[in-house]
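These are my notes from a reading of one chain. I set down what I looked up, entry by entry.

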Amino acid sequence: MLLCITDAPVLDSSTDLQIRSFVDCYQTCRVPDKDDELRTLVMNVQKHTHSKSCPLQDGSCRFSFPHVPVDRTIIARGATSGPTELLMEYHLTSNLMRKVTQLLDIYLQEDAENVLPLTDFLKQADVSHDMYEWAISVTVNRKKLF
Ligand SMILES: [Zn+2]
């Protein structure tokens, strides 16, 4: 079902603040903790479970699950630098994101329901919040909201 929202901000026409405010107003990935029925519903139908069609050749999920956690909406536009900077960014961000996703995989296997605050998670991964958000914003192949 396709839904359209009147006066929704438009990527590349609206400001980042307008887009973030709109998304933050209508969307969350938080598991409800006050409504047991809603919590059960979310946990049963709003979680990705890997299927046999998920794995790519490198073993990762073709749908990019698990998605990396963020504590605010990030508008990722991909790398915008020249070739030399791009190569450095690629190595730096790849290593950083590999470290984060490996820790996330381990963490989700151990306890998927009890979520660490992002600051604690990044501390365990030994990654600064600013570097993490920067890595997320440049490692996409196309514009994407996190
Ligand atoms: Zn999957």
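**Order of elements.** I first traced the chain from its N terminus and read the elements as α-α-β-α-α-α-β. The count comes to five helices and two strands. I note at the outset that the model is predicted.

**Confidence.** I looked up the pLDDT next and found a chain average of 85, with 91% of the residues scoring at least 70. Helix α1, residues 16-26, has the highest confidence, at a mean of 92, whereas α3 has the lowest, at 78.

**Extent and burial.** Along the principal axes, I found that the C-alpha atoms fill a box of roughly 50 × 40 × 35 Å. I then asked what share of the 146 residues is buried. The figure is 4%.

**Contacts.** I took the contacts with a separation of 6 or more and looked up how many join residues 24 or more positions apart; the share is 65%.

**Nonpolar core.** Which residues make up the largest nonpolar core? I list five: Leu96, Val100, Leu122, Tyr132 and Ala135. Two helices, α3 (83-110) and α5 (129-138), each supply at least two residues of this core.

**Segment before α1.** Asp7 lies in the segment before α1 and has a positive phi of about 65 degrees, although it is not a glycine. Is Asp7 buried or exposed? I class Asp7 as exposed because it has 5 C-beta neighbours inside 10 Å, and the cut-off for exposed is 12 or fewer. Asp12 is also in the segment before α1, and its phi is likewise positive, near 75 degrees. For Asp12 I count 8 other C-beta atoms within 10 Å, so this residue is exposed.

**Helix α1.** I selected Tyr26, which is found in helix α1. Why does Tyr26 count as exposed? The reason is that Tyr26 has 9 C-beta neighbours inside 10 Å. I then looked up the separation of Tyr26 and Gln102: they are 76 residues apart in sequence, and their C-alpha atoms are 30 Å apart in space.

**Loop between α2 and β1.** The loop between α2 (36-45) and β1 (75-76) holds Thr49, and Pro66 is found in the loop between α2 and β1 as well. I checked omega between Phe65 and Pro66; the value is about 0 degrees, and the peptide bond joining them is cis. Thr49 has 6 other C-beta atoms within 10 Å and is therefore exposed. How far apart are the C-alpha atoms of Thr49 and Pro66? I recorded 9.5 Å for this pair, which is 17 residues apart along the chain.

Notes. Residues numbered from 1 in each chain as written. Predicted model: local features only at pLDDT ≥ 70, side-chain atom pairs only at ≥ 80, totals over all residues. Helix = DSSP H or I, 4+ residues; strand = E, 2+ residues; numbered from the N terminus. Buried ≥ 20, exposed ≤ 12 C-beta atoms within 10 Å, placed from the backbone. Contact = placed C-beta atoms within 7 Å. Core = buried A, V, L, I, M, F, W, Y, C linked by C-beta atoms within 7 Å. pLDDT = per-residue confidence, 0-100.
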